[in-house]
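Okay, thanks for coming, everyone.

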Amino acid sequence: SKVVNWIGAQNRPSEVSLVLDPGTGRMYVLRGGKIEADAPALFGKQGVQAITDQALNASVDETTDDLKMTPAGRFPLTMQQDNDYGTRIDFLRGGASTYAIHRVYLGDPKERRQQRLDSATANDNAVSYGCVNVSNEFYDKTLKRFNYNGDASAYMIPSDPAQLDALVPMPEPLTTTRTSRRCCSNIHRASRQRRQATSGAW
């Protein structure tokens with residue numbers, strides 16, 4: 001997409017960027033400004049938007065559907081160990097937990113997350129509490145290859161193209177007609193206890 005290519009043009013030679021484009025429903029992996037891989041991705045039920053204080057600090061019991069959003073913006077990336085996923089890639093911490101990129105959560109069959117990843121449309125990709133879900137294969141074969149504790153950033157493109165320049169800091173604004181800490185692990189650990197699910201995630 002135009003936005004993804006423009007982000008790549010701003011990257012330094014050693015920089016790794018993970019770009020979530022809700023318009024295409026895909027995550028793009030850029031290194032040194034070039035797209036190395038891309039794959040379908042799931043994101044917050046309310047889309048990608050400016051995160052509110054209420055959403056950022058809500059506990060799992062307080063996270064109603066209207067608070068299930070993925071934060072829009074540019075964020076530093078760090079890889080962390082995780083009891084449910086092995087590892088996850090954190091991009092924003094809040095009062096209760098952490099927003100992260102991780103393997104798809106399959107603990108609630110009613111959400112049909114794997115089917116949403118496999119579908120040909122991006123119209124059904126908004127389903128998570130706010131974390132970004134990708135397939136196990138894409139996470140293991142592509143995302144795990146990079147060092148996220150240095151020169152690496154996530155670009156979460158807002159669902160509303162008009163909000164791009166305001167929410168995604170860039171060296172200079174992009175004129176286009178398309179276009180903060182909450183981790184799924186803590187939320188789904190509590191959720192798993194309530195639903196007696198076998199695994200957890202956003």
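Let me start with a question: is Glu15 buried or exposed? Glu15 is buried, with a relative accessible area of 1%. For that scale, buried means under 20% relative accessible area, exposed over 50%, and partly exposed in between, using a 1.4 Å probe and protein chains only.

A quick word on what you're looking at. This is a predicted model, where local features need pLDDT of at least 70 and side-chain atom pairs count only at pLDDT 80 or more, while totals for chains, interfaces and linings use all residues. Residues are numbered from 1 along each chain as its sequence is written, and side-chain values use heavy atoms, with hydrogens and water left out.

Back to Glu15. Its salt-bridge partner is Arg74, with the closest N and O atoms 3.5 Å apart. Arg74 sits in strand 7 (residues 73-76) and Glu15 in the loop between helix 1 (2-10) and strand 1 (16-21), so this pair ties together parts 59 residues apart in sequence. Helices (H or I, at least four residues) and strands (E, at least two) are DSSP runs, numbered from the N terminus. Arg74 itself is partly exposed, at 32%.

By salt bridge I mean a side-chain nitrogen of Lys or Arg within 4 Å of a carboxyl oxygen of Asp or Glu. The structure has 15 of them.

Another one joins Arg145 to Glu36, at 3.7 Å between the closest N and O atoms. Those two are 109 residues apart, with Arg145 in the loop between helix 4 (136-141) and strand 13 (152-156), and Glu36 in strand 3 (residues 34-40).

Now, Lys68. Lys68 makes a salt bridge with Asp65, 3.0 Å from N to O, and Lys68 counts as buried at 10% relative accessibility. Its charged end also sits over the ring of Tyr129, 4.3 Å from the centre; that call needs NZ of Lys or CZ of Arg within 6 Å of the ring centre and within 35 degrees of the ring normal.

On to the rings: there are three aromatic pairs. Phe75 and Phe91 form a tilted one, 5.5 Å centre to centre with 50° between the planes. Rings of Phe, Tyr and Trp (its six-membered ring) pair if their centres lie within 6.5 Å; planes under 30 degrees apart count as stacked, over 60 as edge-to-face and the rest as tilted. Phe75 is buried at 6%, and Phe91 is buried at 4%. Ring pairs join Phe75, Phe91 and Tyr99 into a cluster.
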